[in-house]
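Colleague: I would like a close look at one part of this model. Please take me through a salt bridge and what surrounds it.

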Amino acid sequence: MTQRVALATVMDRLSIDAVITDYAVAVDDGVWEDYGALFTPDGRADYRSAGGSEGSAAEAARWLAESLRLFPGRQHLIVNRRLDLQDLGGYPGDRAQVRADYLSPTSPEAWGGESAPALVTGGRYVFELRRTEPGWRIRNLTAHQKWRFAPGATAG
């Protein structure tokens with residue numbers, strides 16, 4: 001691998017990491033235009049394991065906006081990112097996959113209230129990304145919710 005290829009690979013990795021971070025910020029801030037801009041034109045998202053929808057990025061944004069409106073206090077974290085960048089014989093390709101864990105506490109009140117999180121969920125995202133003219137974009141996103149916890153809820 002030449003120094004130029006190594007530098008291109010590092011730049012790709014940084015760009016992909018920025019897309020994943022921008023995804024979390026768009027969802028937490030409820031900026032659905034930014035959310036949609038992170039996807040390829042034919043991009044899809046699958047939130048069925050979290051009780052949601054599967055469909056285009058626009059359909060997913062509508063479902064997220066509706067389901068998260070009850071929880072204006074959001075801070076979802078995406079961690080333990082494992083990135084596999086397509087390797088074309090020592091050169092980076094135009095496809096990548098990121099598997100990353102998430103922790104998503106939500107609250108019915110934004111900061112300033114006395115409310116603790118009303119719902120905390122955790123799981124793993126699988127992002128399939130493509131290099132496009134404007135940069136790396138999400139082609140497919142699948143959320144695999146592994147658990148959920150409602151503090152203060154009683155089992156029954």
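Modeller: Start with Asp-94 and Arg-131, whose side chains meet in a salt bridge, at 2.6 Å from N to O. This is a predicted model, so read each distance as computed from it. The pair links distant parts of the chain: Asp-94 sits in strand 5 and Arg-131 in strand 6, 37 residues apart. Asp-94 is partly exposed, because its relative accessible area is 41% and the exposed class begins over 50%. Arg-131 is partly exposed too, at 32%. Salt bridges that share partners bring in Asp-12, so Asp-12, Asp-94 and Arg-131 form one network.

Strand 5 (92–107) and strand 6 (119–132) each supply at least two residues of its lining. Helix 1 (3–29), helix 3 (57–68) and strand 7 do likewise. Helix 3 gives the most, with 4 residues. By class, the lining has 12 nonpolar, 7 polar and 3 charged residues. The pocket volume is about 400 Å³.

Now compare other salt bridges. The count comes to 9. One of them joins Asp-42 and Arg-139, at 3.2 Å from N to O. Asp-42 lies in strand 1 and Arg-139 in strand 7, so this pair ties together parts that are 97 residues apart in sequence. Asp-42 has a relative accessible area of 44% and is partly exposed. Arg-139 is partly exposed as well, at 23%; the buried class would need under 20%.

Another bridge is between Arg-69 and Glu-66, at 3.0 Å from N to O. Here Arg-69 counts as exposed, at 53% relative accessibility. Glu-66 counts as partly exposed, at 47%.

The members are Leu-77, Val-79, Leu-103, Trp-147 and Phe-149. Together they have about 440 Å² of accessible area. Val-79 lies in strand 4. Its relative accessible area is 40%, so Val-79 is partly exposed. That passes the patch cut-off of over 30%.

Gly-51 is found between strand 1 (39–46) and strand 2 (54–56). Gly-51 counts as exposed, at 62% relative accessibility. The C-alpha atoms of Gly-51 and Tyr-91 are separated by 39 Å, and the two residues are 40 apart along the chain.

Technical notes:
Residues numbered from 1 in each chain as written. Predicted model: local features only at pLDDT ≥ 70, side-chain atom pairs only at ≥ 80, totals over all residues. Heavy atoms only, no water. Patch = residues over 30% accessible without salt bridge, like charges linked within 9 Å, V, L, I, M, F, W, Y side chains within 5 Å. Areas by Shrake-Rupley, 256 points an atom, 1.4 Å probe, with all protein chains shown as cover. Salt bridge = Lys/Arg side-chain N within 4 Å of Asp/Glu carboxyl O. Buried < 20%, exposed > 50% of the residue type's maximum accessible area, 1.4 Å probe, protein only. 1 Å grid on protein atoms, 1.4 Å probe; cavity = no way out; pocket = protein on both sides within 12 Å on 5 of 7 lines; lining within 4 Å. Points joined across faces, edges and corners; volume = space filled by probe spheres on them. Nonpolar A, V, L, I, M, F, W, Y, C, P; charged D, E, K, R; others polar.
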